[in-house]
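Open the model in your viewer and keep the selection tool ready. This tour goes stop by stop.

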Amino acid sequence: MSGTQANFKYSGWDFLFTCVGLPLFLVDIGLDIWTAVSFYKEKAYVCLAVLLVLLLGSSLLTQAYSWLWYSYDKFEMKTKVEGWPTKRLLKLLHVFQLGIYFRHAGVLEKAVESFITKLPDPEDVAVFLSHDLSMLRIVETFSESAPQLTLMLTIILQQGHLDPVTVLKAVGSASAIAFTVTTYHRSLRSFLPANENQKISSSVIYFIWNLVLISSRLTALALFASVLPCFIFAHFICSWLVLFFFAWRSKTDFMESPCGEWLYRATVGLIWYFNWFNVAKGKTRCRTALYHGYILTDICILCAVWCWKMSTDPPDFVIEPMHALITAACVVAVYVLGLILKVIYYKVFHPNLDKDELKGASTEQQPEDEVGFRMFAAEANMADHRPSAPSAHCNKRMRKLAENFYS
């Protein structure tokens, strides 16, 4: 199959996700401020410090990626909103942690324009920008949202007070993390050729197994942190160093500069601390099996330490040793269930394709004087059902990730 596939389609679902994304992003900031104020009023200064470190660190990380990607694209602004600030002003916006809002606004502009005019986007600008946002949300989710949920679960376990509202909050937060991973999966799906498009059922099962695996992992971390809060930081550093080493050994090739690539590998180590993420082609099954074996072993150890502390140094609230054992066994069993669902997804729903079969195999920009010829060729190809010319704005970064995921 030829690597020059038809242009990317910006669907109604993509428009809906885009319109909802920016308001939810602003609501998330409001909730973070509310949580910080609550910690301050409760004089929970340690929790407040941890929260502020997470918020600041996540913001700096996402802004760094946003700026690097603008520089890789030679600061080519593809929308009126993005084109408003000069390069110097854009740099200042990123320094003041506001660059990500212009990305959101740029995607929203192209999405509304495409929805109102009902005209196709010949250069796929909306899809290009949404792909970058999807990756930035993944970075933000595992550098802020996942650690925040772990912190919330730790506080709940230490207090020993569980009510339906608290449970709903925890489930909602875990679902939001899994949903972000699923929207990233949707971006990867956009590179599939028409005859290999995955149905909505694949996204549903993808969401479920990610929700199950992430919930089990975060619960195990929270159980450990609730009894040995200081050691959770040592656990993270040691685990991250191991995962960072394997990210380096995977020979990733995602960023376009050496410093950017090291930053990416460090970020992969952070993501792997919570969930699996495909970063390189070849031996994917071996890497995945090794990773899940490591995480499952780690979860078992964390739960075992929690059970031991429950029996030797029980908290103020009463918990039976048998209940502690059942809880730990359930956490491990849930992770195993997630692995089973993941195997089902890969056996039933996941297409395995060569990288040349994915859309955007040819990512080089064509000269301006060839635009008319390209449009004429596209119309001719559409008439006789041959593959059309490649997209003028194929997101090379997301395509690399799609190659890792589907090859």
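**Whole chain**

Start with everything shown. Among contacts with a separation of 6 or more, 79% join residues 24 or more positions apart. Now switch to a cartoon view. The protein has 14 helices and 0 strands. Next, show the surface. Its accessible area comes to about 20900 Å², and carbon and sulfur atoms hold 69% of that. Of the 407 residues, 48% are buried.

**Colour by confidence**

This model is predicted, so colour it by pLDDT, the predictor's confidence in each residue, from 0 to 100. The average for the protein is 83, and 82% of the residues score at least 70. Select residues 1-6. Here the pLDDT is below 50, and the stretch has 23 contacts in the model beyond near neighbours in sequence. Jump to residues 363-392. They also stay under 50, with 29 contacts beyond four places in sequence.

Which helix has the lowest confidence, and which the highest? Helix H13, residues 371-383, is lowest at a mean of 42. Helix H10, residues 258-272, is highest at 97.

**Helix H10**

Stay on H10. Its 15 residues reach 21 Å from the first C-alpha to the last, close to the 21 Å expected at 1.5 Å a residue. Show its side chains. The buried ones include Gly260, Glu261, Tyr264, Arg265 and Trp272. What covers the buried residues of H10? The cover includes helix H2 (45-72), H6, helix H9 (231-249), helix H11 (284-312) and H14.

**Arg397**

Go to H14 and pick Arg397, which has its place in this helix. Is Arg397 buried or exposed? Its relative accessible area is 5%, so Arg397 is buried. Show what is around it. Leaving aside residues up to four places away in sequence, Arg397 touches Trp69, Tyr72, Asp73, Phe128, Asp132, Phe254 and Glu256.

**Two lysines in loops**

Select Lys74. It lies in the loop between H2 and helix H3 (80-83). At 70% relative accessibility, Lys74 counts as exposed. Check its backbone angles. Phi is positive, about 60°, although Lys74 is not a glycine. Most residues other than glycine have a negative phi.

Move on to Lys251, in the loop between H9 and H10. Lys251 also counts as exposed, because its relative accessibility is 65%. Lys251 is not a glycine, yet has a positive phi of about 55°.

**Helix H5 and Ala111**

Select residues 99-117. This is helix H5, with 19 residues. From first C-alpha to last it reaches 28 Å, close to the 27 Å expected at 1.5 Å a residue. Its buried residues include Gly99, Ile100, Phe102, Arg103, His104 and Ser114.

How accessible is Ala111? Its relative accessibility is 1%, so Ala111 counts as buried. Ala111 and Cys19 are 92 residues apart along the chain, but 8.1 Å separates their C-alpha atoms.

**Thr180 in H7**

Select helix H7, residues 164-189, and find Thr180 in it. With 14% relative accessibility, Thr180 counts as buried, because the limit is 20%. Which residues does Thr180 touch, not counting those up to four places away in sequence? They are Arg137, Ile138 and Thr141. Draw a distance from Thr180 to Arg137. The two are 43 residues apart in sequence and 6.9 Å apart in space, C-alpha to C-alpha.

**The cavities**

Last stop: the empty space inside. Rolling a probe the size of a water molecule over the atoms shows where empty space is left. The count comes to 6 cavities of 30 Å³ or more. The largest cavity has a volume of about 140 Å³. Select Tyr184, Tyr206, Trp276, Phe277 and Asn278. Of the 16 residues that line the largest cavity, these are the closest to its centre.

Which helices each supply at least two residues of this lining? Show helix H6 (125-159), H7, helix H8 (200-227), helix H12 (321-348) and helix H14 (396-406). H7 is also the helix that holds Thr180, and H14 holds Arg397.

Technical notes
Residues are numbered from 1 along each chain as its sequence is written. This is a predicted model: local features need pLDDT of at least 70, side-chain atom pairs count only at pLDDT 80 or more; totals for chains, interfaces and linings use all residues. Side-chain values use heavy atoms; hydrogens and water are left out. Helices (H or I, at least four residues) and strands (E, at least two) are DSSP runs, numbered from the N terminus. Contact means heavy atoms within 4.5 Å. Buried means under 20% relative accessible area, exposed over 50%, partly exposed in between (1.4 Å probe, protein chains only). Accessible areas come from the Shrake-Rupley method with a 1.4 Å probe; for residues, only the protein chains shown count as cover. The expected span of a helix is 1.5 Å times one less than its number of residues. On a 1 Å grid over the protein atoms alone, a cavity is a set of points where a 1.4 Å probe fits but cannot get out, and a pocket is an open set with protein on both sides within 12 Å along at least five of seven lines; lining residues have an atom within 4 Å of a point. Grid points are joined across faces, edges and corners, and a volume is the space filled by probe spheres set on the points.
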